[in-house]
Amino acid sequence: MTDSRRVVAKRAENLSPAMPYVGGGAEAKRGADALAEQLHGAGLGLDFLGLRADVTVFGDGLVRLGPIQPEAGEALARLLVMGLAMEMAEHADCQGQSAPPEAPAA
């Protein structure tokens with residue numbers, strides 16, 4: 001069973017020779033490596049030891065975070081909110097607005 005984006009598809013445990021898994025796996029590896037680098041830079045690398053690339057039975061790449069502690073989830077949420085707030089502020093500056101929008105609380 002999958003959703004419309006096929007992100008909850010079952011893992012590719014029984015690979016099919018007709019399915020191109022390499023592209024999805026490579027895309028997932030790039031995404032997982034990029035995320036791992038950013039998490040490490042934020043001091044959260046050891047909190048996401050289960051982070052890995054995966055591929056679905058359809059050949060779609062996935063990045064799995066693995067099990068994490070609640071504190072790590074909260075820290076990741078704060079980082080996402082800060083990043084979005086910075087992006088919104090940059091966008092406001094480009095649009096010529098005098099004051100950037102306030103960041104939502106995490």
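How many salt bridges does the count come to by the rule I applied, a side-chain nitrogen of Lys or Arg within 4 Å of a carboxyl oxygen of Asp or Glu? The count comes to three.

**Entry 1. Ground rules.** I am reading a predicted model, in which local features need pLDDT of at least 70, side-chain atom pairs count only at pLDDT 80 or more, and totals for chains, interfaces and linings use all residues. Residues are numbered from 1 along each chain as its sequence is written, and side-chain values use heavy atoms, with hydrogens and water left out.

Entry 2. I looked up lysine 29 and found it paired with aspartate 33, their closest N and O atoms being 2.8 Å apart. Both residues lie in helix α1, four residues apart, about one turn of the helix. Helices (H or I, at least four residues) and strands (E, at least two) are DSSP runs, numbered from the N terminus. Lysine 29 is partly exposed, with a relative accessible area of 45%; aspartate 33 is partly exposed as well, at 40%. I use buried for under 20% relative accessible area, exposed for over 50% and partly exposed for in between (1.4 Å probe, protein chains only).

**Entry 3. Salt bridges at aspartate 54.** Aspartate 54 meets arginine 52 in a salt bridge of 3.5 Å, N to O. Aspartate 54 is buried, with a relative accessible area of 10%, whereas arginine 52 is partly exposed at 36%. I then noted a salt bridge between arginine 64 and aspartate 54, at 2.6 Å, N to O. Arginine 64 lies in strand β2 (residues 61–64) and aspartate 54 in strand β1 (residues 52–55), so this pair ties together parts ten residues apart in sequence. Through shared partners, Arg52, Asp54 and Arg64 form one network.

**Entry 4. Helix α2.** I traced α2 over residues 70–94: its 25 residues reach 36 Å from first C-alpha to last, close to the 36 Å expected (1.5 Å times one less than the number of residues). Its buried residues are Ala72, Ala75, Leu76, Ala85, Ala89 and Ala92, and what covers them includes α1 (21–41). Glycine 96 follows α2 and has a positive phi, near 80°.

**Entry 5. The core.** Which residues make up the largest nonpolar core? I list seven: Leu39, Leu44, Phe48, Leu51, Ala72, Ala75 and Leu76. The largest share, three residues, comes from α2. Such a core is a set of buried Ala, Val, Leu, Ile, Met, Phe, Trp, Tyr and Cys residues joined through side-chain atoms within 4.5 Å. Leucine 76 touches Leu39, Leu44, Phe48 and Leu65, not counting residues up to four places away in sequence; contact means heavy atoms within 4.5 Å.
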